[in-house]
Amino acid sequence: MKDIKVLGPGCKRCQTTQDMVEAAAKDLGLDVIVEKVTDYAEMAKFGIASTPGIVIDGKVVHSGGLPKEDDLKRWLQA
């Protein structure tokens, strides 16, 4: 099971990113835990300066803007 964190203050792009992560995981048949992180101190621990950010199993894979669907699926399968 993959542990995924979507980092952001709760803006529309951040919610869209979370929806994209959940949809991509479902398409791939993966069991994931998606956590929304809105606390700025927690986001800073990951070195995220631009949101939304995506952390998969403790590794930052994306920050700033919406991810591309192909990239998202590749990150989830890694």
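Trainee: Is Lys-5 buried or exposed?
Mentor: This is a predicted model, in which local features need pLDDT of at least 70 and side-chain atom pairs count only at pLDDT 80 or more, while totals for chains, interfaces and linings use all residues. Residues are numbered from 1 along each chain as its sequence is written, and side-chain values use heavy atoms, with hydrogens and water left out. Because buried means under 20% relative accessible area, exposed over 50% and partly exposed in between (1.4 Å probe, protein chains only), Lys-5, at 14%, counts as buried.

Trainee: Which helix holds both Glu-42 and Lys-45?
Mentor: The side chains of these two residues also form a salt bridge, at 3.3 Å from N to O; Glu-42 is partly exposed at 26%, whereas Lys-45 is exposed at 65%. Helices are DSSP runs of H or I with at least four residues, strands are runs of E with at least two, and both are numbered from the N terminus. Glu-42 and Lys-45 are three residues apart, about one helical turn, within residues 40-45, which form helix H2.

Trainee: Which residue forms a salt bridge with Lys-73?
Mentor: Lys-73 is partly exposed, at 22% relative accessibility, and its bridge has its closest N and O atoms 3.4 Å apart.

Trainee: How many residues does the largest nonpolar core have?
Mentor: A nonpolar core is a set of buried Ala, Val, Leu, Ile, Met, Phe, Trp, Tyr and Cys residues joined through side-chain atoms within 4.5 Å. In the largest one, which includes Ile-4, Val-21, Ile-54 and Trp-75, at least two residues come from each of strand S1 (2-7), helix H1 (12-28), strand S3 (53-56) and H3. Another core, of five residues, lies apart from it, with Val-37 and Met-43 among its members. The largest core has a residue count of 10.

Trainee: How many disulfides are there?
Mentor: A disulfide is counted when a pair of cysteine sulfur atoms lies within 2.5 Å. The sulfur of Cys-14 is 3.0 Å from its closest cysteine sulfur, in Cys-11, and therefore too far for a bond. Cys-11 is partly exposed at 27%, whereas Cys-14 is buried at 0%. The count of disulfides comes to zero.

Trainee: Which residue has a backbone oxygen that the side chain of His-62 reaches at 2.7 Å?
Mentor: His-62 sits in strand S4 (residues 59-63) and is buried, at 13% relative accessibility. A polar atom of its side chain lies 3.3 Å from the backbone oxygen of Gly-64. The backbone oxygen reached at 2.7 Å is that of Gly-65.

Conventions. A salt bridge is a side-chain nitrogen of Lys or Arg within 4 Å of a carboxyl oxygen of Asp or Glu. A polar contact is a pair of N or O atoms within 3.5 Å; within protein, one must be able to donate a hydrogen and the other to accept it, and residues adjacent in sequence count only if both atoms are side-chain atoms.
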